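Please walk through this protein with the sequence and the model side by side.

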Amino acid sequence: MENVRSDDTILHLLKHEDGYHWEGVSLASSGLYTVENEPPEPANWKGMAPYQRINVREFNEIPNPPHINDFFSLFAEQLRALLRTPERSFYQEYGESKRLMVAQRYFAEVPDNLYELFSQYSTIFGFNPSFDTDQQEATSNEPAYPDESKPGRIPTTISRIVRDTKLVKDLKRQYKWKCQICGERLALRDGKHYAEGHHLLPLGVPYNGPDVAQNVIVLCPNHHAEFDYGSIAIEPNTLVIIHTDEQNVFNGKTLAYDRPDLRNEYLRFHFEKLYWGNK
Ligand SMILES: [Zn+2]
């Protein structure tokens, strides 16, 4: 927590009656510092002075905050593998069943490979936070951080990177933000476009896929979600699109554009291990 610096990405988990939900993402606009007074609108933090805080800006709220258990179920294998280095993790294995649960701490570090799981997860339910990295700190007349003082809600987790790697940015530009499957691209204001990079062999533990062009395809958010969910794949030898729903309009079609550089080994991994049609 002492290591938080301006522009670190912060993931907010808040505790509700039924457990923790992932509420959103923001950027740190300060490091950790101590305030002598009690918190503004202290609610159940009344009398808690001095307190420590980190200012944040550009809170991107998730409209229907997902329960953290959904995240734990979806990525149980990867999360357990990552826990081999559990120091300061925001989650732990509890009890004989080694159930994954949120650890009781206010701040935890999120290494790149764990962040990548959150990033994959966010694309599944269509949460695409965006940050204006040039923006200055919040002005003094607006709350510098979201309403974690609401009764019954406790901020927990923290940390870093939201931005694409340079490689993914370059690839998106090279392929003009067009989806490898449908050839569509999302138009944003000011003539900009939006696409997402997908690693066929996922980054991070346990797969440790490489961040190289041979392993990355450019997708629209819908097809990215289908890749993450394993309902669509590219057959590694024929490069034909295959979908778990045979009626899907892209099932059996060729790719929207050629990618001769994609490595067969990575396509094969996704096709054989992550595509549900093969399970
Ligand atoms: Zn698409």
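Two residues count as being in contact when their C-beta atoms, placed from the backbone, lie within 7 Å. On that basis, among contacts in the protein with a separation of 6 or more, 65% are between residues 24 or more positions apart.

The model is predicted. Its mean pLDDT is 81, and 85% of the residues reach 70 or more. Residues 134–163 have a pLDDT below 50, although this stretch has 69 contacts in the model beyond near neighbours in sequence. The protein has six helices and 13 strands. Of its 279 residues, 30% are buried.

As background, strands of a sheet pair through backbone hydrogen bonds, either parallel or antiparallel.

Strand 1 is joined to strand 2 by a hairpin through two residues. Eight bridges pair strand 1 with strand 2 (residues 19–28) in the antiparallel sense. Within this pairing, Leu-13 has Trp-22 as its bridge partner in strand 2, and Leu-14 stands opposite His-21. On to the other pairing: strand 2 and strand 5 run antiparallel and are joined by four bridges. Here Ala-28 has Val-56 in strand 5 as its bridge partner. Strand 2 is largely enclosed by the rest of the structure, because nine of its ten residues are buried.

In soluble globular proteins, nonpolar side chains tend to be buried together. The largest nonpolar core has 23 residues, of which Cys-179, Ala-195, Ile-217, Val-218, Leu-219, Ala-233 and Leu-267 touch the most other members. At least two residues of this core come from each of strand 11, strand 12, strand 13 (241–243) and helix 6 (264–274). Strand 11 gives the most, with four residues. Leaving aside residues up to four places away in sequence, Ala-195 touches Lys-172, Trp-177, Cys-179, Arg-185, Val-218, Leu-219 and Cys-220. There is also a second, separate core of 22 residues, which includes Trp-22, Val-102, Ala-108 and Val-110.

Which residues of helix 5 are buried? In this helix (residues 221–229), they are His-223, His-224, Glu-226, Phe-227 and Asp-228. Their cover includes helix 3 (112–124), strand 10 (196–199), strand 11 (216–219) and strand 12 (232–234). After helix 5 comes Gly-230, which has a positive phi, near 75°.

Conventions
Residues numbered from 1 in each chain as written. Predicted model: local features only at pLDDT ≥ 70, side-chain atom pairs only at ≥ 80, totals over all residues. Pairing = 2+ DSSP bridges. Buried ≥ 20, exposed ≤ 12 C-beta atoms within 10 Å, placed from the backbone. pLDDT = per-residue confidence, 0-100. Core = buried A, V, L, I, M, F, W, Y, C linked by C-beta atoms within 7 Å.
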